[in-house]
Amino acid sequence: MQQAAQGLAKGAAVVFRGLRQVYGTTVALEEFSLEVGAGEFLTLLGPSGSGKTTALNALAGFIEMTSGHIAIDGVPISALPTEKRNIGMVFQNYSLFPHLDVLDNIAFPLRMRGVPRRAARERAQAALDLVRLPEYGRRMPHQLSGGQKQRVAFARAIVFEPRVLLMDEPLGALDLKLREAMQLEIKQFQRQIGCTVIYVTHDQGEALTLSDRIVVMDKGRVLQVGTPKEIYDRPHTRFVAEFIGVNNLLPVAGGAAGEAVLEGVGAVAAAVPAGARWAALRPEVLRAAPGEGPIAATITDVIFLGDVVRYAARCDRGATLVFSQRREPGGSAHAIGARVAFPIDPADIVFLAE
Ligand SMILES: Nc1ncnc2c1ncn2[C@@H]1O[C@H](COP(=O)(O)OP(=O)(O)OP(=O)(O)O)[C@@H](O)[C@H]1O
Ligand SMILES: [Mg+2]
């Protein structure tokens, strides 16, 4: 234990090292290693069953790990019970105590830590002010809306000034509009209190909006860690490229030196890295000019998305490319059946080996 601790990075608020979690024949986490910086907002993003909740549960102490190490501020926590780990938690189902009023709900973690009732309620009121519900202390949970309950749950999670705040799909139960409003609030709250957040979602837009860094997971493994921009612009694998946003993924079918032949599209002058099997092209970087060209296509679909219009075009060589354009005032939109040509800029292509 001591020996393992010595190798753990200093400066990181949370370090996961080589976590493995097995349930019977299911491997929930495998070689899960990660460093979370102090004050960082880090999001675990991945499909259902990819191990996101398991990673939080291991950190919170709800499960005993099969193997691996976790440290907070350089201190191994495996031997510490949940309540000694100084971690706040918010989950999808608000889990407020129905028989306690809002203020007592928020004060609960302080009371558990031996803070006298009066002082606890005072600090709870300050947390309630932070989440902008100053007048709601006397209400019972059933008298609150979903968004209000979630803000109370947030206040309860931060009232004891935890070192790390874990949030597992905290906005999952809210409708889209409220979810977007709450995303901005969560970000503001976090800036105000400055604590380290590990956030879980399978909503990619939410991850891009909130995070300093995103960890893309699949099948219990970390696939890529990076800023939202890195993950979006420079995915390392096909899975990451397809998981976040819309992407055109085209098999690379060799070609002469200095040239990439994109299957179903045509040849593009590009320096192709060794081992490249796929070319990924974001719809918003792809340009289409009316008329004919070496890479020509026919518009097959026009989808109006408000500020942008998304098009699908079938290339003469067979592939369908999706591209989007900002809506022009006066509208120079392409109609279904129109002919377009793609001048593909090699700088916009992300080549992927797997
Ligand atoms: N207590 C358990 N017993 C058996 N298997 C479990 C247990 N907890 C999780 N698993 C399995 O471990 C894997 C990872 O589960 P986990 O809950 O971490 O996924 P997740 O990424 O949080 O998914 P979701 O997005 O659906 O919440 C899944 O295959 C799940 O079925
Ligand atoms: Mg989960």
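Trainee: At what angle do helix α3 and helix α5 pack, and how is that arrangement described?
Mentor: Keep in mind that this is a predicted model. Helix α3 covers residues 102–112 and helix α5 covers residues 146–158, and their axes are 7 Å apart. They pack at an angle of about 30°. Angles under 35 degrees count as roughly parallel, so α3 relative to α5 is roughly parallel.

Trainee: How does α5 lie relative to helix α6?
Mentor: Look at the axes of α5 and α6 (residues 176–193), which come within 11 Å. They cross at roughly 20°. With angles under 35 degrees counted this way, α5 is therefore, relative to α6, roughly parallel.

Trainee: How many charged residues are in the contact of α5 with α6?
Mentor: From α5 come Gly146, Gly147, Gln150, Phe154 and Ile158, and from α6 come Leu178, Met182, Phe189 and Ile193. Six of the contact residues are nonpolar and three are polar. The number of charged residues there is none.

Trainee: Is the crossing of α5 with α6 left-handed or right-handed?
Mentor: Good one to check on the model by eye! Where α3 passes α5, the crossing is right-handed. Where α5 passes α6, the crossing is right-handed.

Trainee: Which element gives the most residues to the shell around ligand 1?
Mentor: The shell includes Tyr23, Gly46, Ser48, Lys52, Thr53, Thr54 and His202. Two elements give two or more residues to it, β2 (26–37) and α2 (52–60). With three residues, the element that gives the most is α2.

Trainee: Which class has nine residues in the shell around ligand 1?
Mentor: Count by class: one residue is charged and two are nonpolar. The class with nine is polar.

Trainee: How many of the nine residues of α2 are buried?
Mentor: Among the buried ones are Lys52 and Thr54, which also belong to the shell around ligand 1. Ala55, Leu56, Asn57, Ala58 and Leu59 of α2 are buried too. α2 is mostly covered, and its buried residues number seven.

Trainee: Which residue just after α2 takes a positive phi?
Mentor: Look just past the end of α2, where phi is about 90°. The residue there is glycine 61.

Conventions
Residues numbered from 1 in each chain as written. Chains lettered and ligands numbered in written order. Predicted model: local features only at pLDDT ≥ 70, side-chain atom pairs only at ≥ 80, totals over all residues. Near = placed C-beta within 6 Å. Helix = DSSP H or I, 4+ residues; strand = E, 2+ residues; numbered from the N terminus. Nonpolar A, V, L, I, M, F, W, Y, C, P; charged D, E, K, R; others polar. Buried ≥ 20, exposed ≤ 12 C-beta atoms within 10 Å, placed from the backbone. Axes fitted to C-alpha atoms, helices over the stretch in contact; angles between N-to-C directions. Parallel < 35°, antiparallel > 145°, perpendicular 65-115°, else oblique. Left-handed = near helix turned anticlockwise from the far one by under 90°. Contact = placed C-beta atoms within 7 Å.
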